[in-house]
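Please read each answer with the structure in view.

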Amino acid sequence: MTPRETPLPMTVLSGFLGSGKTTLVNYLLRHNEGQKILVLVNDFGALPIDEDLIESQDGEILSLANGCACCSMGGDLFEAFDAALKFEPAPDQLLIEASGVAEPRRIANFARAEPDLQLNGIVTIVDAANMEDGLQDPRLLDVMKEQISSAHILLLNKCDLVSQVQKNRARNKLKDLNDEVKPIDINHGRVPPDIIFGKGKAADMTAIETKSQHNHGDIFDHWALKSQKLFEKHALWETVSSLPSTVLRFKGIFRSPDATTAWSIHKVGAHVDIARIEEPSFAEPYSEFVAIGLKEDKISEVLEAAFQKDQ
Amino acid sequence: MSGTTVFKAKKIITMNPVQPEATHVAIRDGRILAAGTEQELAGWGDHNLDTSFEDKILMPGFVEGHCHLMAGGIWQFTYVGYQDRIDPDGKHWPGVKSLEEVLERLKEAEAKLGPEEPLVAWGFDPIFLMARRLDKNDLDAVSSDRPIAVVHSNFHLMTVNSASLKLANYVADMGVDGIAIGEDGTPNGELQEMAAMFPIMRRLGINLRELGRSRSSIIDFGKVCNRVGVTTAADLINDLPDEDVAEMTSITSEDSYPIRLLSMLNALAQPVDETRDRALELAHHSTDKLRLGGVKIVTDGSIQGFTARIRWPGHFNGAPNGIWNILPDQLNELVSVLNDAGVQMHIHTNGDEAIEAALDALEIAKAKNNRPDLRHVLQHCQMADRAQFRKMNRLGVCANLFANHLYYFGDKHYELTIGPDRATRMDACQSALDFGVTFTIHSDAPVTPMAPLFTAWCAVNRQTESGRVLGEYEKITVDEALEAITLGAASTLQMDHEVGSVEVGKWADFAVLEDDPQKIAPESLKDVKVWGTVLAGEKFQTP
Ligand SMILES: [Zn+2]
């Protein structure tokens, strides 16, 4: 086994059959922004990749022209993660498309435990139109609840197909099951890759800009801060942990007051990670952070205030 | 014409009601020509009389209906179980009866390893965890620098030393489910479930699936079977890629390979249509000693791991319900497609909710297309109630009950997982008999040791590790249990016309026993000694 130089960020995409996972996966593969995404499908259906994206097929592995790849996980998680970590060329992002009955927390646990993986978050996609039907089947109720309650990012899909009343009902139901995460309304599985993957690798934050995110960026707002300040780890953890759920993702790198150690910080949903950067690639003792949220929630104001108050 | 051999035995238990006992069996071309007295056989002409079994008991070769090829390969690790075991090469491993003995065994093994090898042990029994739990400090005393991993008998837990923890960076409380934390606030070495075990297994090269694939492992598996009188065994989940099928075909076709091996395709590793097509294709690769074409569908998890799908009122200790591996709706589709195509299904169902989902799926499939030629089997089927057995009867569905569980996990089920009411009706062999459900009993080796006579003992006595009797009513008689491990299992594998009883035309496959299971006290059934086996008339004395 050869350890990776930097941990592979892993995102678990969960959601029921028909909730739009497949459409979302295809959308992300089309908008990979130069990242090599490896998709592992934890289901036994056919690999759900749009025909025109596929460049070649080698046994169980589909290769895409843009450097991404997709393969089936079979039934064995051990084998699947072992294969993903050996995969050549090494991917930049690992996206697990969990089966409709999978408990995403169990899959996410692999990334929490394995040093060569880093949990980028659990994304759960819910069908606004028939979410309530799903919550009727007593055999599946607990699975569905688990998928929603363990999510760091909740996507309410097919919002164009439902009335405002239906949408509100779905939102209330989601809030009952998970009030730490603010659901994002989407249509046709279209969501900026930034939301799903965060921005690049945690330790590689040298090129932060708030350029407009294609054309799906309208409803999202970016915030960035670059500062010569040093941050005390625990204080920063407190600040970031108490950010409201309208901040969908927050990440950054910072130097602690002794100025010798550098850290990365990453928040998605209510989940905050702080990890030491062994060999920081940035020489200057500065810190920088980015966040993404919904425009309507004015996250910039919230963040400015948080960083003014505490630091 | 090839010759005829007659084995003379002290007694032959035939499982053929027309002639329950015999003293002689005649064999020609690897098949049973006749059974009876010497005079009754004389009419078949000249024969060689073989008297090597004249003081032994012959039975139909035992049939293990649910185990895994890994049961052979696992022996490359050091055994630290509570029960005495014999490895494939005949080495006797006395059970270790205390934590001290476990550590002693580990020290002995450690001393024999090369400088770079990790120490991996298996079979650690939960009985050791009653007083206090094994932790990293215990294992650090065995070695502070060599990585050590002790895999528990259920394969869902392991305990490792500090050197292993360090390899995976498990040095502080990282808030990860499954990494147990000790009183000092750091990981204490106990790791629960695959996610927490994966980083260690990956770094120590412990790959359980590979354990079942290698040539030596398949050969060792044959030896494991031979020691306990098994001549037909079903490997109950396999991805069966072409290269593995070729290897299995080559190994099993050797005259020295002592068993008929069945291997069931993992139905959830590819789309439904591919599963169907592959299963039908594999059936064409079957030989006399390698049978393919059946599939395995895993619906839920395990009761002891709290991952089985159970109905109201749920777990006795309030733990949340378990996991589905397949949506009930998808199961309905899969089962219908495979049933229509004529593919036999072995459906893993531990909890009663999973059993219900599987029976519903089979009902839908059979209402459309009954296919009486197929026998589908609920594997484990541990929590089935009597209504579910009645439904199995109506649908013509078989059960393979996990009798060994009564002994190994029965106490835990009674006290913790499902409580007394449901624990006392687990693995309900008598109910299967009551409602005429074709059934067998199994070991799921290496989860519990393969030994059909021990499995039969479990079904007869229903005794747990602590000595509690788990449900008097569901006990069956010795004869019923012997039928379950021969003809019953053969029926669930759709091989009852070929093996499972001593009858004219069937394969001359026998278990050769030193003691008479019908004469020994039922509580001693597990102590019947096995001499070895006969496969297609060839003797395989256990070395
Ligand atoms: Zn099994």
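Two strands pair if DSSP finds at least two bridges between them, and helices (H or I, at least four residues) and strands (E, at least two) are DSSP runs, numbered from the N terminus. This is a predicted model, in which local features need pLDDT of at least 70 and side-chain atom pairs count only at pLDDT 80 or more, while totals for chains, interfaces and linings use all residues. Residues are numbered from 1 along each chain as its sequence is written, chains are lettered from A and ligands numbered from 1 in the order in which they are written, and side-chain values use heavy atoms, with hydrogens and water left out.

Q: What makes β10(A) and β14(A) paired strands?
A: Pairing asks for at least two bridges, and β10(A) and strand β14 (residues 287-294) of chain A have eight, in the antiparallel sense. Within this pair, A:Ala224 has A:Val290 of β14(A) as its bridge partner. The two strands belong to an open sheet of five strands, in the order β10-β14-β11-β12-β13 (chain A), with antiparallel pairing.

Q: Why do β10 and β13 of chain A stand at the edges?
A: Each of β10 (220-227) and β13 (271-277) of chain A has a single partner strand, so one side of each is left without a neighbour in the sheet.

Q: How do you know that β11 and β12 of chain B pair?
A: Three bridges join strand β11 (residues 148-152) of chain B to strand β12 (residues 157-160) of chain B, where at least two are required, and the two strands run antiparallel. One bridge partner of this kind is B:Thr159 in β12(B), which faces B:Val150 in the pairing. An open sheet of six strands, with mixed pairing, has the order β7-β10-β11-β12-β14-β13 (chain B).

Q: What makes A:Asp116 and B:Arg203 a salt bridge?
A: The rule asks for a side-chain nitrogen of Lys or Arg within 4 Å of a carboxyl oxygen of Asp or Glu, and here the closest N and O atoms are 3.7 Å apart, so the pair qualifies. Across the interface of chain A and chain B the rule finds seven salt bridges.

Q: How many residues bring chain A and chain B into contact?
A: With contact meaning heavy atoms within 4.5 Å, 34 residues of chain A are in contact with 36 residues of chain B. Buried area is the accessible area (1.4 Å probe) that two parts lose on being put together, summed over both, and for these chains it is about 3100 Å², 60% of it on carbon and sulfur atoms. A:Phe44, A:Phe78 and A:Arg139 supply 27% of the area that chain A buries against chain B, more than any other three residues.

Q: Why are two packed helices described by an angle and a distance?
A: The angle between the axes and the distance between the axes describe such a pair. Axes are lines fitted to C-alpha atoms, for helices over the stretch in contact, and angles run from 0 to 180 degrees between N-to-C directions. For helix α14 (residues 404-417) and helix α17 (residues 452-461) of chain B, the axes come within 6 Å and cross at roughly 65°. The contact includes B:Tyr407 of α14(B) and B:Trp457 of α17(B).

Q: What makes the bond from B:Trp312 to B:Pro313 stand out?
A: Most peptide bonds are trans. The bond from B:Trp312 to B:Pro313 is cis, with omega near 10°, and B:Pro313 has its place in the loop between β18 (295-298) and α11 (328-341) of chain B.
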